[in-house]
Amino acid sequence: MWQPENNVEKDRKEKLDRLRANGIEAYPHTSSRTHSIADAIAAFEAVEGPDPEHGASEAVLVTVAGRVMSHRPQGKSSWAHIEDATGRVQVWVKQDAVGEDAHRMFDDDLDLFDFIEVTGTMMRTRRGEVTVLAESVRLLAKSLSPLPVVKERKLDDGTVERYGGFTDPEERYRQRYADLAVNLEVREIFRARARTIRALRDFFDGDGFLEVETPILQPIYGGAAARPFTTHHNQLKQELYLRISFELYLKRLLVGGIDAVYEIGRDFRNEGVDRTHNPEFTQIEFYKAYIDYHGVMAISERMLKFVANAVLGTDQVVFQGSTIDLSKPWERVTLRDAIREMSGIDYAQYPDAESLARVMQEKGKRPDPGSTWGKLVDSLLGTDVQPHLIQPTFITEYPRDISPLAKMKPDDPMHVERFEFFIGGMEMGNAFTEINDPLDQEQRFLDMGRLYAADSEETHPVDDDYLRAMRYGMPPNGGFGMGVDRLVMLLTDTPNIREVLLFPALRPRDE
RNA sequence: GGGGGCGUAGCUCAGCGGCAGAGCAGGAGCCUUUUAAGCUCUUGGCCGGGGGUUCGAAUCCCUCCGCCCUCACCA
């Protein structure tokens, strides 16, 4: 059974006991609220006369409910602010209006962060603030543990000075409920996140795509280069993997006659955790028949512009001090040109892992000794190119051996028709012209097994069912995947993925 | 996993070899238009855990745990 751990909790528990001793229900089942706080303020302002001293043309009687965010007992005339999801309003509790007992309860037994319900008429104070003048006050829920107090003061020059607050990232992530309760701007991030996902759905639904849901628990994982989480089904006596991508299931649906398909959902990758990586993250993938990666680029540009306008009302996005312009066609650079320009290495002149690693070392880099050629190229992209890609940029034409699901470029055995796109120095998404030749796909799977023999953790099992589906006939198509969390980071100007996840992955801590 | 930083009251922080501190929150009192309300008084600490150095450790050293930054792997 919970026991108070500090003075604040001890005092609050005593207040709770005192309230109950006086026959007051501290946790009533419901509220008789008549107005949200925003609605109450709007109703008052609609009838308010020009002279604040004379109040409104008619009395606006409301019952509002919310959490006590400031509490200023002041003799026989006491003040508080209460907040609900729509806003914040001041309440004025005068002893001669509510009676001696209710006023004493308000002053002595109420705490910051309690939930209360206030019935009264709306008015405006001499200082100009819309206020509920209470006729009665009722406790809706007692708060026993104190939330961090945030106080603000407007300085003479108009800036807002903050006192205290709840800023320790670890505590904010571990106790997100307290973070949300106290930090308004955190709530706004998650509203923007919801708008982002809604805008993505609006875009694809309006573009003739069908939204689907495919298995998260999969007997064979695939579609990306990542280590999976494993689990087990007891009755089926089956090892299962949490999906690392949707790709192979969504493309089966193209075989089934669904020409344009998308999914928004969670992927799970058993990899490192950092500023832009969480073990579970939200991805959107789409596949569309009868287009190639050029068609996918056109959709990508249109989609990002649509989403930014829907979420922010503009296609000029400020991210970490840079203004990112989503209104224009994006820069398109081949991976080879980008790396040659930024690192001085033309990887085409070093067509095997050994020679490429040697030249990288000569340039003062530290290539991972076990890497394949394609992975070395990818590491050059990450270290030398990506940080410079602030404005939206398509990097195109990727090495074959790190792209086992992408179609070859005609007349270029080294490259496939693939692009990744970058905004704000972040890798946002990945797309390609999808292989639809079942025999080519099978050969590519087998080649991957050879390439990664030294790196067995990333060796993917061959998905025979996927190959069978493709043998029935798959239309030519382009596919696309994008990290939704990173898109939300971009749109909310947030440099850390944990700030856009309600409950990010953290190590357990002994309490 | 490597490197760097941080961990002190409910919250935000100072103190960095010599009595454990401040503001806010909390408690008592005064106060019927306040809004960081104010004034007086006041409670509250395994200074992240463990070990060591020292006459003496929040402070120096070692170690463990957690978070942040960074590099590596990845989206």
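This tour moves through a predicted model of a protein with RNA strand B, one selection at a time.

Residues are numbered from 1 along each chain as its sequence is written, and chains are lettered from A and ligands numbered from 1 in the order in which they are written. Because the model is predicted, local features need pLDDT of at least 70 and side-chain atom pairs count only at pLDDT 80 or more, while totals for chains, interfaces and linings use all residues; side-chain values use heavy atoms, with hydrogens and water left out.

**Stop 1: helix H1**

Select residues 7-21, which form helix H1; helices (H or I, at least four residues) and strands (E, at least two) are DSSP runs, numbered from the N terminus. H1 has 15 residues and reaches 21 Å from its first C-alpha to its last, close to the 21 Å expected at 1.5 Å a residue, where the expected span is 1.5 Å times one less than the number of residues.

Now colour Glu9, Arg12, Lys15, Leu16 and Leu19, which are the buried residues of H1; buried means under 20% relative accessible area, exposed over 50% and partly exposed in between, with a 1.4 Å probe and protein chains only. Looking down the axis of H1, you will find that these buried residues fall within an arc of 120°, so they line one face of the helix, the arc being that of the directions from the helix axis to the C-beta atoms. On the other side of H1, Asn7 and Ala21 are exposed. Among the elements that cover the buried residues are helix H4 (100-109) and strand S5 (130-141).

At the N-terminal end, select Asn6, which caps H1 with a side-chain oxygen 3.0 Å from the backbone nitrogen of Val8. Just after H1, Gly23 takes a positive phi of about 80°.

**Stop 2: the surface near RNA strand B**

Next, show RNA strand B and the 57 residues around it, of which Gly165, His277, Glu427, Arg486 and Arg498 come nearest; a residue is near a molecule or strand if one of its heavy atoms lies within 4 Å of it. By class, this surface has 15 nonpolar, 17 polar and 25 charged residues, where Ala, Val, Leu, Ile, Met, Phe, Trp, Tyr, Cys and Pro count as nonpolar, Asp, Glu, Lys and Arg as charged, and the others, Gly among them, as polar.

Which parts of RNA strand B lie within 4 Å of the protein? Of those atoms, 61% belong to sugar or phosphate and the rest to bases. A polar side-chain atom of Lys15 lies 2.3 Å from a phosphate oxygen of RNA strand B. In the side chain of Glu129, an N or O atom is 2.8 Å from a base oxygen of the RNA. At Ala225, a backbone N or O atom lies 3.3 Å from a sugar or linking oxygen.

**Stop 3: Asn183**

Move to the loop between helix H6 (176-182) and helix H7 (184-206), where Asn183 lies. Asn183 is buried, with a relative accessible area of 3%, and a polar atom of its side chain lies 3.1 Å from the backbone oxygen of Phe166. Not counting residues up to four places away in sequence, Asn183 touches Val150, Arg162, Phe166 and Arg172, contact meaning heavy atoms within 4.5 Å.

**Stop 4: Arg418**

In strand S19 (residues 412-423), select Arg418, which is buried at a relative accessible area of 8%. Its side chain makes a polar contact of 2.9 Å with the side chain of Asn430 and another of 3.4 Å with that of Glu420; a polar contact is a pair of N or O atoms within 3.5 Å, and within protein one must be able to donate a hydrogen and the other to accept it, while residues adjacent in sequence count only if both atoms are side-chain atoms.

**Stop 5: helix H10**

Finally, in helix H10 (residues 335-343), colour the buried residues Leu335, Ala338, Ile339 and Ser343. They cover an arc of only 95° around the axis, which puts them on the same side of H10. Their cover includes strand S16 (331-334), H12 and strand S17 (393-399).
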